[in-house]
Amino acid sequence: MRIGVDVGGTNTDAVLMDGNRVVGWHKTPTTPDVTSGITSAMKTVLQETKVPATQIKAVMIGTTHFTNAVVERKRLMQTAAVRLGLPATESLPPMVDWPPDLRDTIGNHKYLVHGGHEFDGREISPLDESELRDVAKDIKSKGIRAVAISAVFSPVNSSFEERAAEIIQNEIPDASLSLSHEIGRMGLLERENAAILNACLGDLAKTIVESFRKALKDMKIDAPFYLSQNDGTLMGADFAEKYPVLTFASGPTNSMRGAAFLSGAKDAMVVDLGGTTSDVGMLLRGFPREASVAVEISGVRTNFRMPDVYSFGLGGGSIVSQEPVKIGPQSVGYELTTRGLVFGGSVLTATDLAVAGGLADIGDSAAVKHLDPAFVRAALDEIQTMVETAVDRMKTSAEPVPLILVGGGTILVSRQIKGASEMVRPEHFPVANAIGAAIAQVGGETDRVFALAELGREEALRQARQEATDKAVAAGAKEETITIVDVEEVPLAYLPSNAVRIRVKAVGDLAL
Amino acid sequence: MRLLHPENVEDIALGAAVLGTGGGGDPYIGKLMGISAISEFGPVTLLSLDEMDDDALIVPTAMMGAPTVMLEKLPKGDEIIKAFHALESYLGKKITATMSAEAGGLNSVTPLTVAARLRIPMVDCDGMGRAFPELQMVTATLYGVSSTPFAIGDEKGNSAILNTINNRWTETFSRSITVDMGCAAMIACYATTGKDLKQWAVPGTISIVENIGRTIREARRAKANVVEAVKGAVGGFEIFQGKIVDVRRRTEKGFARGEAVIEGVDEYGSQKLELHFQNENLVAKVDGEIMVSVPDLITVLDTETGEPITTESLRYGFRVTVLGIPCNEKWRTPEGLELVGPRYFGYDIDWVPVEETYG
């Protein structure tokens, strides 16, 4: 059996699964330290289901520890950013576009050295080993142990980043290194930013992994644990220590993956209705479609594989105003159960509308008897329109698609949504996120530029598929279960040599 | 005369995306470079066209190549200075000012680095009043101004000077050199006197894009309707409002071509707009009838946020407002239309002024 846990802004959810069957689940408020909420949810679900801890074969955790650390500027390491690109890139050094307070928190240590490649794989300048050794010595003398390494066009050729890592590791054996090509995509600043964020979370990652290890031991669970990544796959504890940044935005991804699992749909729209906001995302072959533009994390532009999610201000706690009819974006959030009308409070919320309209039977329905039925209808129509607009915005074609509703706020939607071929409210919908964590697979991805003039399209695609598969195996997937779930080809504009950026993603079952 | 500070650069970059008509490259890198140059060397002096002496020597500076490559191989910073100096020494004359070759997209802000570092003024004008994909597509060509001597430089310190028989040849040669330089190079060309510049330049365009950017920023802050504000600031016409229902793309001769179909909402309820693009938006047809075509500007804005949408990011489901903006009168001559009209881009149609359809 497996336990999946997902930490949300309001609640931490745990689910116990036996194969594909949900054995039990529990929701508990998210705690400021995060970890105690996780352990409390896990303990409760084990107690309630009376399943002995020895039955647990794996634990999957989707956590917000790392996002929170960046947002709060706490527990971040002093980090050196080493970029190989000279003579190019000098005008815009590492962290140039960061919020100054975050840059100062991690020390603003930056080094520009020679190296890097052109778009077609030629060297910009040769790697200078003695220059790198000098940089490593300087980093060491400052007592810095976290180093992010980036090189121009490293998604095309990663050899300079790898060689630089060897040289620096040799000088500073206890340094933890983050290589940009392993984390981000094309776009130097954004990829480098992701690598620097990853590097500065190094110590915290070790602490968190250790605390999970200890928590499981305390619960007498003798099983490996994994962290959820933002692409819907898992990473083992060792990997998590190295790549904490890949946990960012794993929450919406887990919800969507859970929705796919619960409904059996592979290509569908998912609406996760929460307490304050709702997320809409598109499932393609069972995985969230990924954002193609830069995503800001606490003021830092990054470009790694974040889910393409549209959030809008509608949730169970959304505050409703009457003249004119308006829902949200203000919300009573986690105070819904004390401030909403049906819970004896004085604020008219979206949940009260659902009760007044007969869509849900929650709390004291007498408290909403006084509402004018015409107004209730109009307001519920408005909610319907908000969801329909958001769904339509995320669709990729006019074809109707199946729509899966998950999250606590699903009671707000009663009628068929326009553009949906069917509407599914799967069983266990309130904990789809934790289920998404529990059922996750492992994956590998490649994303780089291929010159089609030399390789030809077929060969380029074959190479890309092979690279992704190899990475999935390296991450712990059973080779025979691996499938290619995403292939994307983007021709580069204003580039005459027929260069195409190809992104391939492979996933497979966890080899347990 | 006025000074450009970092906050002006933010607005210029934001507004330049509107005149980029879906292309022209992301001004993000150029903006960061402009801001860092101004922070280090002080504000840039912006002179209006009529403040220029007739015997002044002005050289536009620009980035050439693939904007996607520049997002990866960031500039060293002085390649544009090298190109500029290479041209200056070839001409044997002191260059007094620089300017933007195209006000739409990333080249709106490219000359700021030159102006700040060399402490020379930038002229408030450009050679397009929008964005175009090829080097000869500037109003200078219409006035017989040669793009050569043409200087091109890279981050390694290489530079080259071209002399050609016409501006189309400069485009051909410089495109090849740009590929060898790694698909991102800096250029200085179309050296011109103040007297001639007053003839051929599209005046006031830096102030225009800055004003568009400021309008967007202020409308956002006031939570006002950004699309309405942009419409007012660009002096354009709303030609459509609707939802993208289909996008088709293909690559032809190194250009990302395609069409997007937009289904009308509200007053456009029963209509469909077909948008043809080739890096930039070129032709807009409503129910099969051509309503706007290049060289008039077609800009697609996110109806909700007012954010200009590039041709690369057009996608099903976007709620968009399409604006048609009259191009500069210099493009509206037979010579102008031959250089950048619909037929040059492969559309066998006659150009009709946008204001005749909507005015």
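1. A residue is called buried if 20 or more other C-beta atoms lie within 10 Å of its own, exposed if 12 or fewer do, and partly exposed in between, with C-beta atoms placed from the backbone. By this rule A:S311 counts as partly exposed, because 16 C-beta neighbours fall inside 10 Å.

2. This is a predicted model, in which local features need pLDDT of at least 70 and side-chain atom pairs count only at pLDDT 80 or more, whereas totals for chains, interfaces and linings use all residues. Residues are numbered from 1 along each chain as its sequence is written, while chains are lettered from A and ligands numbered from 1 in the order in which they are written.

3. To stay with A:S311, this residue lies in strand 16 (residues 309–312) of chain A, where strands (E, at least two residues) and helices (H or I, at least four) are DSSP runs numbered from the N terminus. Leaving aside neighbours within four places in sequence, A:S311 is in contact with A:T277, A:S278 and A:D279, contact being defined by C-beta atoms, placed from the backbone, that lie within 7 Å. A:V280 is 31 residues away from A:S311 in sequence, yet the two C-alpha atoms are 6.4 Å apart in space.

4. For chain A, the domain assignment (automatic or from a database) gives domain 1 (1–71 + 201–248), domain 2 (77–200), domain 3 (266–429) and domain 4 (441–508). The C-alpha centres of domain 1 and domain 4 of chain A lie 31 Å apart, and their contact takes six residues from domain 1 of chain A and six residues from domain 4 of chain A. On the domain 1 side, the largest share, three residues, comes from strand 10 (residues 234–236) of chain A.

5. Chain B has twelve helices and 18 strands. The radius of gyration of chain B, taken over C-alpha atoms, is 19 Å, close to the 21 Å that the globule rule gives for 359 residues, so chain B is as compact as a globular protein of that length; the rule itself is 2.2 Å times the number of residues to the power 0.38. Buried residues make up 58% of the 359 residues in chain B.

6. Chain B is divided into domain 1 (2–205) and domain 2 (225–358), with 26 Å between their centres, taken over C-alpha atoms. Here 17 residues of domain 1 of chain B are in contact with 20 residues of domain 2 of chain B, and helix 1 (6–19) and helix 6 (139–142) of chain B each supply at least two residues of the domain 1 side.

7. Helix 1 of chain B also packs against helix 9 (residues 205–221) of chain B, at an angle of about 95 degrees and with the axes 6 Å apart; axes are lines fitted to C-alpha atoms, for helices over the stretch in contact, and angles run from 0 to 180 degrees between N-to-C directions. That makes the two helices roughly perpendicular, a term for angles of 65 to 115 degrees.

8. Finally, the contact between the chains takes 32 residues from chain B and 30 residues from chain A. Helix 2 (28–41), helix 3 (67–70), helix 7 (167–180) and strand 12 (237–252) of chain B each supply at least two residues of the chain B side.

Key:
Two residues are in contact if their C-beta atoms, placed from the backbone, lie within 7 Å. Angles under 35 degrees count as roughly parallel, over 145 as roughly antiparallel, 65 to 115 as roughly perpendicular and the rest as oblique.
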